[in-house]
Amino acid sequence: MIPSGSMADLQRAQRELVEAARQSSAQTKASDLKGYGREAQTLVSAERLAGRLTGFKATANELTTRLQIQDVALGRAAESVTKLKDELFQNLSLDSGEGIRAQLEEAFAVLKDTMNTNLGGRYLFGGVMNDRPPITADSLSDLAANPLTDSIEQGAASQMMRVEDSRVVSAGLVADDVITSAFASLKRLAEMDEGVDGPFDGDLTATQRAAVTSELTALNTAFDTILSRQSENGRLTKEVESASTRLTSRMNALDEAIGGIVNVDLAEVAVRLNQAQFAYESSASVFNVLRNMSLLNMLE
């Protein structure tokens, strides 16, 4: 009969071999929370925090992309207003209304396009009402024919996004806060072009000259407004980038802490695996010898 101690030794050696092989493959100390004993609660809390930080990091990355796209759009809007100012100034210098309508059409198209920029179907300058385009006027004539408030979505507030437990950041600007002044200037000139004092064609009349001169001053203010909003967008970008850097540092530190609990020393595991393999083979050899001896005893 095979001694029970030999059977127990073989089973223990087998368990140790299986566990060492598992650790070598999975590179973790245990296969479930029970295997971590007192550290299990710490591990659960750390992993919950890691999940929350991962969510904040994803939000920060999304917001950074959004703000970068908004910066490009604001830059285009500012360039469009500058171009229109330069062209109108040239019209004054030449005392000519030729091309003014086309210039207004172009500026309107660019400003509308920039403010209706969307990412994944969400309008970036729509604020909390980002499911619809903030610029609703279809054309320059539409802008001229209707109240300004009908051409730009009203009442939208900036969308807020949480990038850290204690930090909520504005996701950017809303269209009516960026280009209302610019659109007002375009509207006044378009109304003149389509009204009794229009169109802008040939030599400028005294009324037209006075209007263009006045709008040049208004467009300077509109340009300053857009530039100010672009500067604000840049400040938000830096704020989000700083939060993202802090999140990365916290995530790395947390990963290291979790790793200290979960991860095995692969060199140590390799040694234990070899020892377990040797112990198992030795126990199996002894077990086989004893089994054979027991079989011979039965045959005698």
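1. Does Asp-95 count as buried, partly exposed or exposed, and what is its relative accessibility? Asp-95 counts as partly exposed, at 28% relative accessibility, where buried means under 20% relative accessible area, exposed over 50%, and partly exposed in between, with a 1.4 Å probe and protein chains only.

2. This is a predicted model, in which local features need pLDDT of at least 70 and side-chain atom pairs count only at pLDDT 80 or more, while totals for chains, interfaces and linings use all residues. Residues are numbered from 1 along each chain as its sequence is written, and side-chain values use heavy atoms, with hydrogens and water left out.

3. The whole structure holds 18 salt bridges, each a side-chain nitrogen of Lys or Arg within 4 Å of a carboxyl oxygen of Asp or Glu. One of them joins Arg-209 and Asp-95, at 2.9 Å from N to O.

4. Glu-153 forms a salt bridge with Arg-132, with 3.4 Å between the closest N and O atoms. Glu-153 is partly exposed at 23% relative accessible area, and Arg-132 is partly exposed at 33%.

5. Glu-164 is buried, with a relative accessible area of 9%, whereas its salt-bridge partner Arg-167 is partly exposed at 30%. Their closest N and O atoms are 3.1 Å apart, and both residues belong to a network of salt bridges that also links Glu-232, Arg-235, Glu-239 and Arg-246.
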